[in-house]
Amino acid sequence: MLTQEQEKVAQHSGGNALVIAGPGSGKSTSARHLISNHIKNGLTSAEQMLVVMFNVDTAKDFEQGLRRLLGGGTNIPAVSTLHAAGYRALKNIYRLGLAPPKSLKDDHGDSFWRGLVARAIADVMGIHIEDVAQGEIDLNLQHIAILKANLISPEEITSEVAEAMGMADRLQTAAVYSTYEQERVAAGALSFDDLIYELVQIAMTDPRAREAISNRYRLIIVDEFQDMNRGNLELIRLLAGESASVVAIGDDDQSIYGFRGCSPYYMTDEFSRVFEGTTRYHLSTTFRFGADLCQTVNAVISHNESRIDKKICPAEHPVDTKIGAIFTDHQGEATTAIVKDALQETHGRIGVLVRAYHQTVLSEIALTAANIPYVMEGNSPFFDRRDALATVGYLGLSMGQLHDRRVFGNADRVMKMVRAMLTIPTRFMRKADMDAAAEHVARGGDLLDWAKERAQQAATEKNSYSQRLVGQLMHLIQDGKHLRETAARNPSAAEMIRATYGRLKLHQDIGRSCSAERQADRTASYAVMADFAESEGLSVHAFVARMETVADQHLRNNRLRRRPARVVFTSWHRTKGREFSTVILPDLAAGKAPYVRDDNLVDIEEERRLFYVAMTRAMERLYFVIPEDRALLAHVTGSEMDSADMKPLNRASPFLWEIENWDPIQIAYDRSIHLSQRVKTA
């Protein structure tokens with residue numbers, strides 16, 4: 001049974017349309033019934049339709065639901081991603097001989113494309129390819145992907161484009177991009193980013209190619225339209241030609257992929273300009289959560305100016321979604337207490353959703369100590385991330401115990417640590433040398449002894465890599481000696497972590513090796529580890545022992561579980577299109593939401609949309625875990641506090657100040673975090 005809003009969409013018979021669909025409003029159901037109506041009433045045949053979905057999984061789910069709705073024996077339209085549709089059109093152009101054919105490079109490990117950009121960087125900078133940092137490769141690949149998404153060639157990188165993308169050196173990036181493109185074309189290769197870029201470039205310059213791909217459909221339905229970029233929009237325009245109506249479905253308030261070159265502008269402004277005579281429909285009723293959460297998220301997102309004005313409303317028989325807020329400096333313990341409650345009182349999955357992955361560390365430690373298994377999506381558990389592995393490894397090296405199996409009992413984990421140490425900071429070592437060092441330590445040898453022997457051997461070799469390797473190994477030996485001298489003064493673990501970070505010049509190394517957002521996340525992970533060690537009063541030995549215990553216990557917890565873990569850690573970016581019975585948003589601090597990077601480039605409206613997406617994943621329960629900002633606490637409770645208490649220990653996210661009505665939100669301000677003792681304050 002469709003709602004009135006859904007029925008209007010389903011009955012759309014022709015012409016361009018924009019469907020503005022809020023979270024949990026049944027947009028897929030509406031789209032399936034629209035297709036069914038066109039097929040059953042003879043408005044458009046299945047062969048004359050194209051349905052474009054966000055990714056392969058959603059395309060499969062949509063197609064399965066459509067088959068169930070239409071029943072057996074009825075043809076269904078092509079359902080695919082936009083990149084797949086683009087690749088089909090591109091192959092048709094090749095088949096007609098309108099452009100030199102290229103092949104899609106199936107490179108799951110990305111070694112081909114990384115090698116291509118590494119050679120381009122080396123050529124432009126005049127350095128050896130072995131000296132190209134992995135982070136520099138990542139950064140240039142990211143820049144090239146965004147530029148192609150917006151149909152910007154190397155020659156079109158203006159100062160304005162460079163500033164908007166945060167390029168450190170516009171001319172160098174343009175030169176790398178140009179060299180990369182020359183090698184790609186010479187190799188006859190297509191990457192995923194080229195499937196749309198190449199097609200649109202050809203079609204916009206060759207009328208024959210444009211004619212070959214246009215006017216093949218009468219109806220094109222595009223889901224998640226808020227995630228469009230310039231290249232996507234141009235391809236849809238080309239495919240539609242003069243014959244097809246385009247129905248775009250999305251929610252500009254959920255446009256969160258600016259780092260990929262996407263913008264809500266293509267939905268809020270550009271669609272109606274490009275596709276004339278657009279009819280607008282609204283799906284404003286959510287079936288996912290209740291009235292209190294509707295009120296909360298509407299208040300926050302209304303502060304964005306570049307949006308279509310609308311409000312999400314609860315269904316006629318809404319879900320009773322409870323909202324809680326805990327003011328605490330014990331983020332991990334608070335998250336664990338909420339999880340324990342949810343495991344007992346609910347049956348669905350529990351999402352611990354973070355803006356950046358360094359925010360999982362304290363909650364992971366606390367959950368593991370409580371023997372609660374979890375899964376991490378989009379990253380490794382914190383103790384298996386390179387920065388954590390390198391930190392623990394350097395502390396072990398400083399104590400002279402990295403090779404001691406009584407301290408580090410897991411040989412495979414020790415080998416991971418050594419490899420991490422040889423890449424943090426960037427040491428430009430080949431895999432064979434890193435593997436040899438790791439195996440040496442795993443067998444009980446000292447890393448610095450290996451480094452001395454390998455340096456002596458490399459000094460006798462005449463190739464350029466070996467000569468550079470000698471210098472890198474000498475730096476490693478000097479770093480190791482310095483850290484051992486520092487550890488001999490018996491510093492705390494927090495002091496030692498900070499000393500290691502400084503000695504290895506990791507701030508500069510991380511800054512050179514990754515994007516600004518990744519840089520901020522990695523840098524913060526060291527601060528989190530040091531702050532945790534300081535709050536627990538841990539010695540170097542005790543910190544290392546704690547980290548190894550957490551790693552072992554997490555592995556044991558997951559081995560012992562009989563069914564899939566209900567607790568899921570993931571990022572706000574990865575949650576769109578998903579829902580959880582309970583959502584926990586930890587570490588809602590200023591600088592974290594909105595997320596402030598080292599370059600201070602913050603798109604406040606996109607950050608607010610991210611917060612909106614995270615909140616609207618909740619079905620039964622939503623919890624804010626907030627630093628002890630007593631000014632905010634006084635504001636939301638209507639309380640008065642003396643001047644000493646009003647000074648916040650840590651400022652809360654400014655987005656929380658945008659919530660207009662805190663009455664429905666259950667508030668706790670209890671250092672011991674006993675949720676059974678929560679007191680609702682008005």
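1. In which order do the seven strands of the open sheet stand, and with what pairing? The order is β13-β14-β12-β15-β16-β11-β17, and the pairing is parallel. Two strands are taken to pair if DSSP finds at least two bridges between them; strands (E, at least two residues) and helices (H or I, at least four) are DSSP runs, numbered from the N terminus.

2. On the basis of the note: this is a predicted model, in which local features need pLDDT of at least 70 and side-chain atom pairs count only at pLDDT 80 or more, while totals for chains, interfaces and linings use all residues. Residues are numbered from 1 along each chain as its sequence is written, and side-chain values use heavy atoms, with hydrogens and water left out.

3. The edges of the seven-stranded sheet are formed by β13 (374–376) and β17 (665–668). Each has a single partner strand, so one side of each is left without a neighbour in the sheet.

4. Strand β7 (residues 245–250) has six of its six residues buried, so it is largely enclosed by the rest of the structure. Buried here means under 20% relative accessible area, exposed over 50%, and partly exposed in between (1.4 Å probe, protein chains only). In a regular strand the side chains alternate between the two faces of the sheet. In β7, Ser245, Val247 and Ile249 lie on one side and Val246, Ala248 and Gly250 on the other, and all are buried.

5. Two strands pair with β7 in the parallel sense: β1 over four bridges, and β6 (residues 219–222), also through four bridges. Valine 19 stands opposite isoleucine 249, whereas valine 222 stands opposite alanine 248. Together with helix α11 (residues 230–240), β6 and β7 make a right-handed β-α-β unit; right-handed means that, with the strands pointing away from the viewer, the path from the first strand over the helix to the second runs clockwise.

6. An unreviewed UniProt entry places a "binding site" feature at residues including Ser25 and Ser28; such annotations may be inferred rather than shown by experiment. Serine 25 is found in the loop between β1 (17–21) and α2 (27–40) and is buried, at 3% relative accessible area. Beyond its neighbours within four places in sequence, serine 25 is in contact (heavy atoms within 4.5 Å) with Gln6, Leu283, Thr285, Thr286 and Phe287. Serine 28 lies in helix α2 and counts as partly exposed, at 26% relative accessibility.
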